[in-house]
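Let's take a walk through this structure together, one contact at a time. Have a look at it first, and then we'll start with a single pair of residues.

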Amino acid sequence: MRRYSIFAVAREALRYHSGWEKAWASPEPKKRYDVIVVGAGGHGLATAYYLGKVHGITNVAVIEKGWLGGGNTGRNTTIIRSNYLQDPSSAIFEKARSLYEDLSTDLNYNVMFSPRGLLMLAQSEHEMRGYKRTVYANNLQGVETRWIDRHEVKNLVPILNIDGPRYPVLGALYQERGGTARHDAVAWGYARRCSAMGMDIIQNCEVKGVRTEGGKVVGVDTTKGAIDCGKLAIVVAGHSSVLADMAGFRLPIESRALQAWVSEPIKPTIDVVVMANLVHGYMSQSDKGELVIGGGTDGFNNYSQRGSWQHVEETTRALIETFPVISRLKMLRQWGGIVDMTGDRSPILSKTPVEGIYVNCGWGTGGFKAIPGSGYAMAELVAKDYSPLAAEFGLHRFKEGQFIDESVAAGVAH
Amino acid sequence: MLTLTCPYCGVTVEETELYPGGEAHLKRFGPGSTDAEFESYMFARKNPKGVHFERWRHAYGCGKWFLAARDTVTWEVFGTYSAQTPEPPAALVATIKQKRPGWEGWK
Ligand SMILES: Cc1cc2nc3c(=O)[nH]c(=O)nc-3n(C[C@H](O)[C@H](O)[C@H](O)COP(=O)(O)OP(=O)(O)OC[C@H]3O[C@@H](n4cnc5c(N)ncnc54)[C@H](O)[C@@H]3O)c2cc1C
Ligand SMILES: [Zn+2]
């Protein structure tokens with residue numbers, strides 16, 4: 001793998017950019033791998049990357065039914081934050097956020113991490129109390145957040161209407177090092193490094209069946225034939241139940257549509273991420289100038305990557321009340337992804353009833369921010385059967401009632 | 001937008017008039033059951049890609065719960081029926097089998 005650098009750009013500029021090599025190889029599957037990861041989204045690719053980087057396991061294939069990063073990883077609104085309430089959540093999300101800080105250097109790929117600051121608006125007394133509690137929790141957890149009053153909010157976001165009338169802004173939970181990154185680049189950067197380590201990223205290859213012998217995984221059946229493996233990591237977000245069904249167990253997951261949409265590009269108007277959870281909307285501005293907007297999930301099971309119209313309408317209506325200046329903007333495009341929802345709105349990183357099969361799912365509406373931390377923990381879990389960061393996110397929590405309740409912190413999709 | 005026909009009122013309404021209630025025909029396990037039974041009743045969901053039986057409430061109409069058979073990929077609705085039905089009606093199952101020959105059945 002040739003390094004990307006300013007010298008490489010200069011060199012290529014002088015020879016009509018004829019010397020760039022392919023970022024990753026597109027090999028045919030081998031007969032067997034030590035580890036097969038199903039799903040080349042951010043979480044699957046990051047799992048493979050840290051398996052190689054931290055644990056020296058490189059006989060790895062990442063199998064993807066479509067194109068890499070084409071699932072939720074390429075469909076999200078890229079919000080990164082770690083201001084969760086419960087200790088296990090803060091630990092893994094802050095691990096991820098801190099890895100994002102120098103991910104571009106680590107991967108030699110510009111993921112455009114932009115810690116521009118993130119505000120969660122409090123628009124009711126209850127929210128205010130809740131967020132103050134989160135600030136106290138975060139400070140104990142070593143996650144830097146603070147409560148700011150409504151005037152400071154207005155200073156940071158001049159286009160915000162803080163006076164209501166329906167939902168006056170009372171203050172905000174502020175994470176200064178939260179922000180955004182370029183979603184595709186995260187997938188591409190990990191893929192490029194995995195490929196450079198000799199791993200096989202096999203796209204356009206759907207896993208159709210999971211083969212087990214005596215309660216232990218031995219391989220998968222795919223549209224490119226049977227492939228054997230020592231261990232299998234299922235990292236397929238909205239399709240987790242489908243893969244679990246192939247392996248013969250069920251998950252506490254339901255697949256729902258979550259949508260996002262962007263406006264026409266405009267001049268810089270907002271340089272932080274604002275989330276208004278009470279009215280179910282959030283907004284930031286991309287480098288291209290588009291306002292990136294998202295809201296809540298649909299309430300019913302869905303695999304169609306299409307959501308219901310009324311969510312677009314409700315969220316846009318709420319955001320227009322919060323940001324009156326956007327009322328005349330045209331929306332350019334809208335899309336949906338299928339998110340994997342758990343009851344406690346926390347992810348699952350776990351061993352499964354089948355020996356050698358591990359799942360990483362349940363990130364639901366908010367897993368982009370977690371990609372580096374999740375991959376790091378998942379790699380450790382697959383390599384060593386135990387990861388301190390993942391320990392409390394096991395499937396056992398549903399049997400034991402040890403939920404990691406983030407339904408407040410993750411009340412809106414992001 | 002999803003539309004369903006309320007089996008009580010007989011009217012076809014948009015989803016904004018309805019409240020979704022998750023998987024239908026779950027067998028309830030309570031006190032006295034094993035941990036595994038209770039866990040699977042509470043959490044283990046089929047979440048199928050394809051034919052799905054689910055609960056809906058005609059929230060802004062008659063207010064009653066009913067059940068629906070629907071495809072989670074195409075949103076095709078195979079039928080709706082009363083919530084006081086312990087299993088999907090045989091006629092409905094036959095219709096679905098005809099439309100989805102590969103379907104494994106509702107259990
Ligand atoms: C509209 C929207 C907005 C969001 N906004 C945010 C946000 O602002 N911040 C945030 O942190 N998170 C956000 N999220 C959530 C985030 O996108 C996801 O949690 C995260 O991207 C999940 O990554 P993943 O790698 O697990 O899944 P994915 O990226 O979906 O990857 C899973 C892959 O598995 C593949 N696959 C499935 N079945 C098979 C099979 N049988 N064989 C082979 N491959 C298979 C799929 O094709 C897919 O590429 C948002 C999600 C959506 C939909
Ligand atoms: Zn009715």
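Start with Lys399(A) and Glu39(B): these two form a salt bridge, with their closest N and O atoms 3.4 Å apart. Keep in mind that this is a predicted model. Between chain A and chain B, the count is 1 salt bridge, so defined by a side-chain nitrogen of Lys or Arg lying within 4 Å of a carboxyl oxygen of Asp or Glu. Polar contacts between chain A and chain B come to 15 residue pairs, both partners being at pLDDT 80 or more.

Which parts of chain A face chain B? The elements giving two or more residues to that side are helix 8, strand 12 (254–263), strand 15 (291–301) and helix 11 (396–400) of chain A. Strand 15 of chain A has the largest share, with 3 residues. Sorted by class, the side of chain A that touches chain B holds 9 nonpolar, 10 polar and 5 charged residues.

Now zoom out to the whole meeting of the two chains. Chain A brings 24 residues to the contact and chain B brings 20. The size of an interface is often given as the accessible area lost when the parts come together. For chain A and chain B, the buried area is about 2000 Å², with carbon and sulfur atoms giving 55% of it. Three residues, Arg250(A), Phe300(A) and Tyr303(A), supply 31% of what chain A buries against chain B, more than any other three.

Next, stay inside chain A.

How much area is buried between domain 1 and domain 2 of chain A? It is about 2600 Å², and carbon and sulfur atoms give 53% of that. On the domain 1 side, Arg75(A), Thr77(A) and Asn83(A) supply 24% of the area buried against domain 2 of chain A, more than any other three residues.

There's a salt bridge here too: the side chains of Glu101(A) and Arg177(A) meet at 2.6 Å, N to O. Across this domain interface of chain A, 20 residue pairs are in polar contact, both at pLDDT 80 or more.

Conventions:
Residues numbered from 1 in each chain as written. Chains lettered and ligands numbered in written order. Predicted model: local features only at pLDDT ≥ 70, side-chain atom pairs only at ≥ 80, totals over all residues. Heavy atoms only, no water. Buried area = accessible area lost by both parts, 1.4 Å probe. Polar contact = N/O pair within 3.5 Å; in protein donor to acceptor, adjacent residues only side chain to side chain. Contact = heavy atoms within 4.5 Å. Helix = DSSP H or I, 4+ residues; strand = E, 2+ residues; numbered from the N terminus. Nonpolar A, V, L, I, M, F, W, Y, C, P; charged D, E, K, R; others polar.
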